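Please look at the sequence and the model shown here, and then read on for a report that goes through its parts one after another.

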Amino acid sequence: YYVGENSRGKRSLWTMDGAMSESIRLGVFSGLANLTTDGERLYFTAEHTIWESDGTSAGTRPAGLVDSEGINATADHLQVIGRDMYFAASDGIHGIELFSTPLQLPSSPGDANGDGVVNFADFLALSANFGADGTADESAAMADFDRSGIVDFADFLLLTNNFDPGS
């Protein structure tokens with residue numbers, strides 16, 4: 001994995017294909033930092049949340065970590081141990097402390113709400129963000145399945161390819 005920056009200050013996350021002959025852009029992010037891996041997945045901070053990647057643009061998305069207090073927005077020094085993410089962050093009251101949260105199982109491309117299935121609720125989330133800057137906020141980022149930086153027809157195709165009409 002490596003990071004590049006464009007003229008607007010947005011940072012892109014890249015990886016190489018298996019033959020090391022082609023670069024693949026995984027997404028465009030604001031505030032990309034703190035890259036770490038558990039040996040299978042890459043974790044990093046961007047856009048005030050913790051993200052994960054399986055090395056594909058479709059598999060690069062918010063990690064879906066439990067965050068009832070908004071502390072993931074200040075996460076730093078990420079470390080994966082087992083199926084838990086440990087990081088330093090501030091809760092806004094006590095200063096910087098050590099936090100941990102369980103990692104979620106990866107969701108399917110097209111799963112905008114992170115509930116593990118691709119269904120009509122995900123279609124509604126994509127529709128509400130269609131045409132939006134995929135780095136603008138968490139809602140748009142969750143609907144930008146291919147991490148291209150815009151919620152567009154390619155994201156719609158990812159959703160329809162994984163759609164489960166029975167759920």
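In helix H3 (residues 153-162), the buried residues are Asp155, Leu158 and Leu159. Around the helix axis they cover an arc of only 100 degrees, which puts them on the same side of H3; the arc is that of the directions from the helix axis to the C-beta atoms. An α-helix has 3.6 residues a turn, so residues three or four places apart point the same way. The face of H3 that is turned away from the buried side carries the exposed residues Phe153 and Asn161. Here buried means under 20% relative accessible area and exposed means over 50%, with partly exposed in between (1.4 Å probe, protein chains only). Helices (H or I, at least four residues) and strands (E, at least two) are DSSP runs, numbered from the N terminus.

This is a predicted model, in which local features need pLDDT of at least 70 and side-chain atom pairs count only at pLDDT 80 or more, while totals for chains, interfaces and linings use all residues. Residues are numbered from 1 along each chain as its sequence is written, and side-chain values use heavy atoms, with hydrogens and water left out.

The N-terminal end of H3 is capped by Asp152, which has a side-chain oxygen 3.3 Å from the backbone nitrogen of Ala154. A polar atom of the Asn119 side chain lies 3.2 Å from the backbone nitrogen of Ala121, and Asn119 counts as buried because its relative accessibility is 10%. A polar contact is a pair of N or O atoms within 3.5 Å; within protein, one must be able to donate a hydrogen and the other to accept it, and residues adjacent in sequence count only if both atoms are side-chain atoms.

The next topic is the strands. Strand E5 (residues 42-46) is mostly covered, since five of its five residues are buried. Leu42, Phe44 and Ala46 lie on one side of E5, Tyr43 and Thr45 lie on the other, and all of them are buried, so that both faces are covered.

| Strand pair | Sense | Bridges | Opposite residues |
|---|---|---|---|
| E4 (residues 33-37) and E5 | antiparallel | three | Thr36 and Tyr43 |
| E8 and E9 (residues 84-90) | antiparallel | four | Asp76 and Ala88 |

E4 and E5 form a hairpin with four residues between them, and Gly39 in the turn has a positive phi of about 100 degrees. The hairpin of E5 and E6 has two residues between its strands, and there Glu47 takes a positive phi near 50 degrees.

An open sheet of three strands has the order E8-E9-E10, with antiparallel pairing. Its edge strands are E8 (76-81) and E10 (96-102), each of which pairs on one side only.

Which residues make up the largest nonpolar core? The eleven residues are Tyr43, Ile50, Ala63, Ala75, Leu78, Val80, Met85, Phe87, Ala89, Phe99 and Leu103. The elements that give two or more residues to this core are E8 and E9, and E9 gives the most, with three residues. A nonpolar core is a set of buried Ala, Val, Leu, Ile, Met, Phe, Trp, Tyr and Cys residues joined through side-chain atoms within 4.5 Å.

The structure also holds eight aromatic pairs. One of them joins Phe29 and Phe44, and this pair is edge-to-face, at 5.1 Å centre to centre and with 75 degrees between the planes. Phe29 lies in strand E3 (residues 23-29) and Phe44 in strand E5, so the pair ties together parts that are 15 residues apart in sequence. The rings of Phe29 and Trp51 have centres 5.1 Å apart and planes at 75 degrees, so this pair is edge-to-face. Because Phe29 lies in E3 and Trp51 in E6, the pair ties together parts that are 22 residues apart in sequence. Both Phe29 and Trp51 are buried. Rings of Phe, Tyr and Trp (its six-membered ring) pair if their centres lie within 6.5 Å, and planes under 30 degrees apart count as stacked, over 60 as edge-to-face and the rest as tilted.

Notes:
Two strands pair if DSSP finds at least two bridges between them.
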